[in-house]
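Have the model open beside you as you read.

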Amino acid sequence: MTTVQYRGFAGVRLEADIIGSENDPAVLLLHGAGQTRAVWARLADALEQAGRRVISLDLRGHGGSEWPADGRYDFDAMVEDLRAVLAQLGTRPVVVASTFGGWIASAALARDAALLASGLVLVDLPVGGDSGAALRIGEWLHDAVSPGPGQPACDPRLADAFDTAALAERLADVAGTITLPTLYIHGLTSDLASRADAASFVNRLPDGELVEVEDTAPRFADDGSDTLGAYLIDFLERRVPRESPAYRAGSDARTFRDALGCFATGVTVVTAIDPDGVPIGLTANSFTSVSLDPPLLLVCIANSSGSAAILRGADHFAVNVLQIGQQPTSNRFAGKGEDRFAATPWEIGEFGTPVLVGSLGSFECARDAVHEGGDHFILVGRVLKAIFEPRRDPLLYFRGKYRKLHFV
Ligand SMILES: Cc1cc2nc3c(=O)[nH]c(=O)nc-3n(C[C@H](O)[C@H](O)[C@H](O)COP(=O)(O)O)c2cc1C
């Protein structure tokens with residue numbers, strides 16, 4: 001992550017974090033009243049994973065951005081700040097803005113916005129005739145600046161800087177002037193817009209879409225909600241697509257590996273005893289079930305691996321499926337120069353194969369067949385015994401990284 005400084009309206013210093021590759025299409029995140037860019041940390045990671053460059057900006061008077069000496073916190077200054085940052089980016093990002101940030105973004109991106117941005121996502125933008133929403137924004141500003149433990153997230157002078165009700169009125173007709181592809185994400189438990197008001201706002205957008213999200217906290221942008229990330233990524237991929245990398249036979253092996261990495265797997269350690277009675281094993285995620293009757297499974301082993309010769313010749317082998325706590329075990333059995341079994345609790349199973357204690361599951365197998373498969377061989381095992389632990393989560397592997405199960 002890099003922290004960068006931009007020049008806002010009248011030269012005010014604005015701070016932002018940037019993650020992701022320069023070659024990826026950009027997304028600019030704008031927080032709400034009384035918050036800082038820190039609220040987006042999880043979402044920013046998810047967007048980076050999805051192949052986006054992410055710029056999270058602190059509004060003036062918030063977080064690491066300048067708290068201007070002249071106390072100039074009028075709405076127009078903030079709108080011009082955003083336009084100034086967008087002009088300095090050298091790329092036209094999709095702007096994602098929540099609550100009060102959404103007001104700023106929609107004012108900044110009305111009319112000539114196509115020069116500055118390629119899309120707009122408004123998360124819980126306060127809309128509609130109900131002045132309650134404007135009052136809530138005002139309250140949040142007051143809450144954020146009221147003295148508490150530590151440094152306040154924003155300049156205390158912000159508390160009384162806005163007439164939020166007047167702003168709500170001023171922006172009442174903004175929808176019709178936003179020509180960018182726009183997504184409005186409405187948290188159904190939000191008190192910033194009623195369902196009807198959100199729908200009517202989106203109807204007035206020339207190119208608008210509405211997503212209603214159930215079961216979320218009132219300010220669901222704050223918790224880095226995975227649901228928010230999912231809708232956002234869907235919108236980005238449809239409306240501002242990135243170029244997908246492609247592999248063609250003969251082109252680079254790295255891209256082929258990356259393509260295969262789209263298939264999420266568990267992680268196993270394949271073990272056997274060598275002719276000298278010494279245990280051997282290696283990490284493998286190429287595990288697949290093959291047949292129920294007879295009970296067969298397979299793993300693919302690289303011919304270049306040190307364990308290849310022993311596994312080809314072994315009458316019996318075991319496949320140990322790792323649980324979430326066994327990431328060190330996975331690393332150990334994939335790394336070089338370590339005594340893999342010395343640091344791993346294991347025992348000899350009923351059929352003479354090394355069983356790693358505490359695994360999610362262990363399959364003791366007799367060798368059924370060995371098939372050649374390019375630079376790997378396919379080791380098919382007939383399962384003699386399977387033990388498994390139903391209460392642990394698996395260790396997962398996806399796009400070259402370990403993952404854990406996560407249910408929204
Ligand atoms: C998550 C993960 C999955 C792997 N899957 C396989 C696999 O399916 N087949 C394989 O031959 N190597 C696989 N490897 C690589 C081997 O574990 C690694 O090359 C190991 O050092 C081989 O050990 P050896 O040379 O002592 O046999 C994997 C590594 C990791 C980290």
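In this predicted model, Glu 209 counts as buried because its relative accessibility is 19%, and the cut-off for buried is under 20%. Glu 209 forms a salt bridge with Arg 239, a residue that is partly exposed at 29% relative accessibility. Find the two on your screen: Glu 209 belongs to strand β8 (residues 208-213) and Arg 239 to helix α7, so the pair links parts of the chain 30 residues apart.

How many salt bridges are there by this rule? The count comes to 20.

| Asp 24 | Arg 242 | 2.8 Å |

Asp 24 is buried at 18% relative accessibility, while Arg 242 is partly exposed at 26%.

The pair of Arg 382 and Asp 368 connects strand β18 (residues 376-388) with strand β17 (residues 361-373). Arg 382 is partly exposed at 34%, and Asp 368 is also partly exposed, at 39%. Elsewhere, salt bridges join Arg 13, Glu 15, Asp 17, Arg 37 and Asp 58 into a network.

Now for the cysteines. How many disulfides does a search of the whole structure find? It finds zero. For Cys 262, the nearest cysteine sulfur is that of Cys 300, 18 Å away. Cys 365 is buried, at 0% relative accessibility, whereas Cys 262 is partly exposed, at 44%.

Cys 300 also leads us to the ligand: one of its backbone N or O atoms lies 2.9 Å from a ligand nitrogen. A ligand oxygen is 2.7 Å from a polar backbone atom of Thr 283, and a side-chain N or O atom of Ser 307 is 2.4 Å from an oxygen of the ligand. On its own the ligand exposes 650 Å², and the protein buries 79% of that. Two or more residues of the shell come from each of β11 (279-284), β13 (296-302) and α10 (327-334). By type, the shell holds eight nonpolar, six polar and two charged residues.

Conventions: Residues numbered from 1 in each chain as written. Predicted model: local features only at pLDDT ≥ 70, side-chain atom pairs only at ≥ 80, totals over all residues. Heavy atoms only, no water. Polar contact = N/O pair within 3.5 Å; in protein donor to acceptor, adjacent residues only side chain to side chain. Areas by Shrake-Rupley, 256 points an atom, 1.4 Å probe, with all protein chains shown as cover. Helix = DSSP H or I, 4+ residues; strand = E, 2+ residues; numbered from the N terminus. Nonpolar A, V, L, I, M, F, W, Y, C, P; charged D, E, K, R; others polar. Disulfide = S-S within 2.5 Å. Buried < 20%, exposed > 50% of the residue type's maximum accessible area, 1.4 Å probe, protein only. Salt bridge = Lys/Arg side-chain N within 4 Å of Asp/Glu carboxyl O.
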